[in-house]
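Dear colleague,

I am handing over the structure we spoke about, and I would be glad if you could look through it before reading my notes below.

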Amino acid sequence: MITIIGSGVVGLTCADMLIDAGCQVQVITASTGVDESACSWWAGGMLAPYCEMESAEPLIGELSGISMRYWQSFCKYNADCEYTDNGTVVISPNRDQNMLKHFAQKTQQWKKLGAKQLHDLEPILHQHQDALFYPTEAHIEPRRVLRVLWKKVCEHAKVVTSTTLSDAEIDELATSAEKQDSWLLDCRGYSASAKLSDIRGVRGEMIHLYNTELSLSRPVRLLHPRFPIYLVPRANQQFMLGATMIESASRERASVRSVMELLSAVYAVNPAFSQSEIVEIGVDVRPTFPDNLPKIIKQGRRLLINGMYRHGYLLAPACAKIACDLILQHNSPPALSALIYDEHSV
Ligand SMILES: Cc1cc2nc3c(=O)[nH]c(=O)nc-3n(C[C@H](O)[C@H](O)[C@H](O)COP(=O)(O)OP(=O)(O)OC[C@H]3O[C@@H](n4cnc5c(N)ncnc54)[C@H](O)[C@@H]3O)c2cc1C
């Protein structure tokens with residue numbers, strides 16, 4: 001029996017792949033199943049490898065290919081989820097056009113849009129004259145995919161919910177995995193920080209807006225000198241507005257300053273957003289290693305899969321695949337094996 005701790009996007013994608021491979025799995029989680037206690041609950045669900053290349057390592061490109069194929073196929077076979085591959089639009093305030101130029105220089109796979117093309121694509125961006133369009137990017141609805149994953153896990157695995165394991169209990173599970181030639185997968189996100197000396201928290205605050213007058217078909221990123229934001233369209237006339245990036249591990253409620261910054265920037269996308277209702281304000285901490293890349297740390301038969309940073313949905317399936325390949329003794333491509341840190345070989 002393989003034990004997985006955590007029911008965020010990392011734990012659930014690992015469980016999904018191991019179940020499909022015919023393994024017996026149990027998931028133990030502090031969450032009630034899928035809920036707001038996991039960082040994964042608060043994500044935008046953008047699958048935007050080319051935009052992320054502005055500041056991310058090239059390896060992210062290879063990993064995201066695996067993850068995007070996983071989500072595409074997952075959504076194809078699960079009617080409750082949708083893989084929307086309408087791309088991403090990137091804009092900047094009209095007075096800051098240099099930012100768009102700079103962003104274009106650092107990224108690939110974009111098309112430049114003039115005013116007419118942009119307004120045809122996203123009519124609510126009618127105040128903007130130029131944009132970059134990344135046609136091969138996609139997005140998913142995190143809460144929907146988590147629920148579908150959780151349902152599958154409940155049907156095919158043993159689940160223990162609302163159980164916060166102590167480090168000592170986790171060590172015991174690891175010892176028992178060693179003895180039984182099984183595996184323990186620690187997918188606790190930032191809560192595993194006591195075990196991972198170099199992990200840090202990057203706090204993110206987000207807001208859900210409801211607006212019946214406005215609609216978008218794809219995520220829009222606004223480059224902004226001080227408050228870059230993005231909007232991800234959701235079902236039922238809702239928009240996920242995100243997200244702050246603050247070097248802090250605090251999960252305290254959102255600050256007035258952050259909410260004001262997010263809301264004032266969304267005004268620059270279209271002033272009609274000021275008429276939106278605020279549905280929800282959320283906060284969580286992105287688990288992040290110094291190079292902002294994930295790690296799969298192997299300690300005997302314990303794997304710690306962590307450090308998804310702002311790329312949980314973009315990278316979790318790829319990391320789950322690397323972990324499964326390790327467990328099932330399949331070979332991972334060498335570039336991806338670079339994410340495996342064998343404690344005994346470091
Ligand atoms: C505002 C915001 C926006 C984001 N937007 C995006 C985006 O658009 N695209 C993207 O790819 N990523 C995005 N991210 C990042 C993404 O959400 C994270 O990288 C990802 O959720 C981390 O997943 P995880 O499974 O490692 O951790 P978590 O989702 O935090 O899951 C950890 C799990 O472990 C359980 N657990 C913790 N401690 C214990 C314990 N002691 N015993 C048992 N169970 C335990 C928890 O209950 C939980 O179920 C965003 C993050 C934030 C905050």
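**What surrounds the ligand**

The shell around the ligand draws at least three residues from each of two domains, namely domain 1 (2-78 + 141-197 + 290-342) and domain 2 (88-135 + 200-288). Please keep in mind throughout that this is a predicted model.

In total, 38 residues surround the ligand, and the closest are Ser31, Ser40, Leu165, Tyr309 and Tyr313. Sorted by class, this shell has 18 nonpolar and 16 polar residues, together with four charged ones. If you colour the helices and strands, you will find that α1 (9-20), β10 (200-210), β15 (277-288) and α9 (312-327) each supply at least two residues of the shell, and that the largest share, three residues, comes from α9.

Which backbone atoms lie within reach of the ligand's oxygen atoms? A backbone N or O atom of Tyr309 lies 2.7 Å from an oxygen atom of the ligand, while a polar backbone atom of Gly312 is 3.1 Å from a ligand oxygen, and for Val9 the corresponding distance, again from a polar backbone atom to an oxygen atom of the ligand, is 3.4 Å. Taken alone, the ligand exposes 1,000 Å², and the protein buries 96% of that.

The C-alpha centres of domain 1 and domain 2 lie 27 Å apart, and the contact takes 28 residues from domain 1 and 31 residues from domain 2. About 2,400 Å² of area is buried between domain 1 and domain 2, and carbon and sulfur atoms give 62% of it. On the side of domain 1, Trp42, Met46 and Tyr190 lose the most area to domain 2, and together these residues account for 28% of what that side buries.

**Two details of the backbone**

Most residues other than glycine have a negative phi, and most peptide bonds are trans, so two places in the chain deserve a second look. A cis peptide bond joins Gly242 and Ala243, with omega at about -25°, and Ala243 is found in the loop between β13 (238-242) and β14 (246-247). Asn292, a residue other than glycine, has a positive phi near 65°, and Asn292 is found in the loop between β15 and β16 (295-299).

With best wishes

Methods. Residues are numbered from 1 along each chain as its sequence is written. This is a predicted model: local features need pLDDT of at least 70, side-chain atom pairs count only at pLDDT 80 or more; totals for chains, interfaces and linings use all residues. Side-chain values use heavy atoms; hydrogens and water are left out. A residue is near a molecule or strand if one of its heavy atoms lies within 4 Å of it. A polar contact is a pair of N or O atoms within 3.5 Å; within protein, one must be able to donate a hydrogen and the other to accept it, and residues adjacent in sequence count only if both atoms are side-chain atoms. Accessible areas come from the Shrake-Rupley method with a 1.4 Å probe; for residues, only the protein chains shown count as cover. Helices (H or I, at least four residues) and strands (E, at least two) are DSSP runs, numbered from the N terminus. Ala, Val, Leu, Ile, Met, Phe, Trp, Tyr, Cys and Pro count as nonpolar, Asp, Glu, Lys and Arg as charged, and the others, Gly among them, as polar. Domain bounds come from an automatic or database domain assignment. Contact means heavy atoms within 4.5 Å. Buried area is the accessible area (1.4 Å probe) that two parts lose on being put together, summed over both.
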